[in-house]
Structures are given as structure tokens and as C-alpha cells.
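Subject: A structure for you to look at

Hello,

Here is the structure I promised to pass on. Please open it beside this email and follow along as you read.

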Amino acid sequence: MANSIFGSVEGLAGMLSDYNSIKNGSYGKLMKKYYGTSVSGSSTSDGTKSKGSSGVLEKILEEKKNPKVSEEAEKNNSMLTSSVGLLKNAVSTLQKSDTFEDQKESSGSTSSTGKEKTESALKNFVSSYNDALTASKRSTMTNVSSNIAGIMKAIDGNSEKLKEIGITQNNDGTLNFNEKLLSDDELDKVKELFSGDDALSFGSAVASRLNRVSVYDNSASSKTAAESAKEKAETIGSSDSLVSSIDSLMSEKLDLDSMLSETKSFIKFYNATLDSAKKSTVSGVTSNLLAMKEKTAKHSGDLSKLGITQGADGKLSINENAFKKADMKQIRDTFKKYGSDIRTNASLLNYYSTLGSTPQSSYSSSVTYTSTSDIVSSLYKNYA
């Protein structure tokens, strides 16, 4: 099955393989890796399988094939939605600079210290994350669960830095926070770890996942057909222009002035694609949008040498004077590497936007199915 961390599946074959994986049972194999051998159930004297833990897997697989929301699933879906909202608030608090500063009253006395406010925010972060993780493992909102699994991956990659501020990970993936290990000297570490100004920080990685989750909430279903059609058309148009612009920048036919003009067009289409695609509820669009933003961040060093910078919101801007001073070979080499890296994602943004939300890619409403190439199953299996 074609897959990657961000769900960049190659073309129609990848889309059909996702759908077929549910029908032929390969999705079940992935789920069993997460739920462990205990899920397979044991046979009773009459040859039937005992309900026990095996019922969990059968219920989920059945709901993937025939979407229904059981009372238990509805409870977990509700818990997942509410805990994600609290988690977003906690991360937002940890990305504000005044969280780490003492709060003064009008009299001049300190009403709460930066350390107290940071401790409170970290407690809320750990508590809401644990609730979201627990609910996601039993939720039918797979698009949301996949992003919680993405946050788990970010936690794995930053485990040592989190340990320095008192946060450790349990065997089941949940977190513990020992506030006694958080001293005043560690506040700068917390601020740096959750920084919203650094596109590659732990906080930015978590915020990106939570922003993706927001497109799957109930507010998405309140859009009118005209609004959805307009957003779809905008993404198709901007992403198509983006692909054409990338192809032009990767060619060797342009002189410096033409290259500058095309680069400005590229940035215009790139930013327009970000604006339109972030409103989409199609999983293929949101996953490739995030991949494109993160790949841009990966190339930020080379791009900055050309006067091109990426803002905290992911958008690009250019310093024309700096671009004109750059060596032409350096410009061509940078766009060949960067362009080839993001072109597939830009093309898939156009492809998934054109295809829309079909049975092969997702279920809508309160029960959602996302590509099995997503990371949810492969990550959760480590915490069975």
C-alpha cells in the first residue's frame, strides 16, 4: 500500500488501495497491530469467539465498512471533540509570551507568577492530551484520531526536551507532569519548546495537527453548497497555477528578471493555496497542505539566502533586493531541490480538491474514514 507520514498517496491507485484495504481485510491487520493479540478473542466451547476485547476491533471495523455511531462510539467522539478543544487552548496559552511573565495587580503586587501560570498551562496540556489520546483510540472520527497520533509522534521526537520540563511518557502513550521538576530556570525551555514563532518547534508541530483537526468539527457541515463549491474552486485554481509556476522555476530558460517575476507569482499562488486549502474538509487536501508547509520549512535555510522567508502562518514573502543579489546558479539549484520536493504535494492538492470527498477517500459527518496510509494505526500499535 502506497503511504507516507503525511498521507501523500500516489494518484488514483493509492486512493483505490485505501478503499480496497477495508474490503480485503488489510485494514483489519493494521488495527490488530495496535490492539494487540488480545483483540483476536478466544474460542468458547461451542466454537464461537468470546466477546471480551475482540468486540472492540470487530465494532470498529464494522463501523468503517458500514458507518454507524454506537452509543459507546458517540461517547468517545464527544470526549475527543471536547478534549481537543481544551488541548488547543492549552497550546495557545503556552505560545503566548505573557504566560511566562509575572502578573501584576494595580497595586504593584504580584497576583500570579510566570512559573505558576506555566505550571497550570502544562497541567492542562497533559490532562487534555491524555483525554484526547484515550478517546481517539475508541473513536470512529478517524481523521481526528490520526492527528492525535501525529501529536504522539511529535512527543516521541521531543521526549528528552519534555523530560527536562517534567513531562514523561507512559507505556500507553499518555503523559505525566511532575511540577517539582519545573524550576524558574526551565521556563525559557518551555517557551522555546512551545514557540509559535519557530515553524519547526514542538509547539508548532502540535498546533499544526490541531489546526487540521478543526476542519473536521461540526461547523464544517454548516457550510452551504455554494460556499463549499467556491472554496473547492479556489483551491483547484490556485494549486493548478502553483504547479505551473513550480515547473517554470525548475526550468533553466529564465534569466534573473524573469526568475524574480516568476518567483513572485509562485509566492502569490503558494499563499493563495494555503488560504483556500486550509478550509477544506477533504483529508487528502489537508494532509498534503501540511506536508507542503513542512517541506517549505525544511528548505527555509536555502530559501532565506534568496530573500524568501516563511512566516509563522506558513506563508511566504520575498525581499526583492536580496533575491537580485543571489547567484543565478544558487537560485536554480535551490528551486530544483525545493520545487521537486513540493511539486507532488501541490499536484495532489489539486487532485484531491478536484475529486472532492468521495467514499474512496472519506466518510463525512460524525463518522469519518481517512486513508489507511495515515499514521494512526502504525503509531498506536506501539502503545497497545
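First, some ground rules. This is a predicted model, in which local features need pLDDT of at least 70 and side-chain atom pairs count only at pLDDT 80 or more, while totals for chains, interfaces and linings use all residues. Residues are numbered from 1 along each chain as its sequence is written, and side-chain values use heavy atoms, with hydrogens and water left out.

**The chain as a whole**

The chain has 16 helices and six strands. Both are DSSP runs numbered from the N terminus: helices are H or I with at least four residues, and strands are E with at least two. Of the 384 residues, 45% count as buried. Buried means under 20% relative accessible area, exposed means over 50%, and partly exposed is in between (1.4 Å probe, protein chains only). Now take the contacts between residues at least 6 apart in sequence: 73% of these join residues at least 24 apart. A contact means heavy atoms within 4.5 Å.

In soluble globular proteins, nonpolar side chains tend to be buried together. A nonpolar core here is a set of buried Ala, Val, Leu, Ile, Met, Phe, Trp, Tyr and Cys residues joined through side-chain atoms within 4.5 Å. The largest one has 37 residues, and those with the most contacts inside it are L122, F125, I165, I167, F194 and F202. Two or more residues each come from helix 4 (71-94), helix 5 (114-136), helix 6 (142-157), strand 4 (175-177), helix 8 (187-193) and helix 9 (202-214). Helix 5 gives the largest share, eight residues. Another core of 30 residues lies apart from this one, and includes L254, Y270, M292 and L306.

Leaving out residues up to four places away in sequence, I165 touches L122, F177, L182, E186, K189, V190, L193 and F194.

**How the helices pack**

Two packed helices are described by the angle between their axes and the distance between the axes. The axes are lines fitted to C-alpha atoms, for helices over the stretch in contact, and angles run from 0 to 180 degrees between N-to-C directions. Angles under 35 degrees count as roughly parallel, over 145 as roughly antiparallel, 65 to 115 as roughly perpendicular and the rest as oblique. A crossing is left-handed if the near helix is turned anticlockwise from the far one by less than a right angle, and right-handed if clockwise.

How do helix 4 and helix 5 run relative to each other? Their axes come within 8 Å and cross at roughly 155°, so the two helices are roughly antiparallel. Helix 4 passes helix 5 in a left-handed crossing. Residues in this contact include L80, L87 and V91 of helix 4 and L122, F125 and Y129 of helix 5. By class, the contact has 14 nonpolar, seven polar and one charged residues. In this count Ala, Val, Leu, Ile, Met, Phe, Trp, Tyr, Cys and Pro are nonpolar, Asp, Glu, Lys and Arg are charged, and the others, Gly among them, are polar.

Helix 4 also meets helix 6: their axes come within 11 Å and cross at roughly 40°. That makes helix 4 oblique to helix 6. This crossing is left-handed, and the contact is made by L80, V84 and L87 of helix 4 with V144, S145, I148 and I151 of helix 6.

Further along, the axes of helix 11 (residues 256-277) and helix 15 (residues 328-355) come within 13 Å and cross at roughly 30°. Helix 11 is therefore roughly parallel to helix 15. Their crossing is left-handed. Among the residues in contact are F266 and Y270 of helix 11 and F335 and Y338 of helix 15.

- T99 sits in the loop between helix 4 and strand 1 (103-104). Is T99 buried or exposed? At 5% relative accessibility, T99 counts as buried.
- I318 is in strand 6 (residues 316-318) and is partly exposed, at 24% relative accessible area.
- S261 belongs to helix 11 and is partly exposed, at 44%.

Happy exploring!
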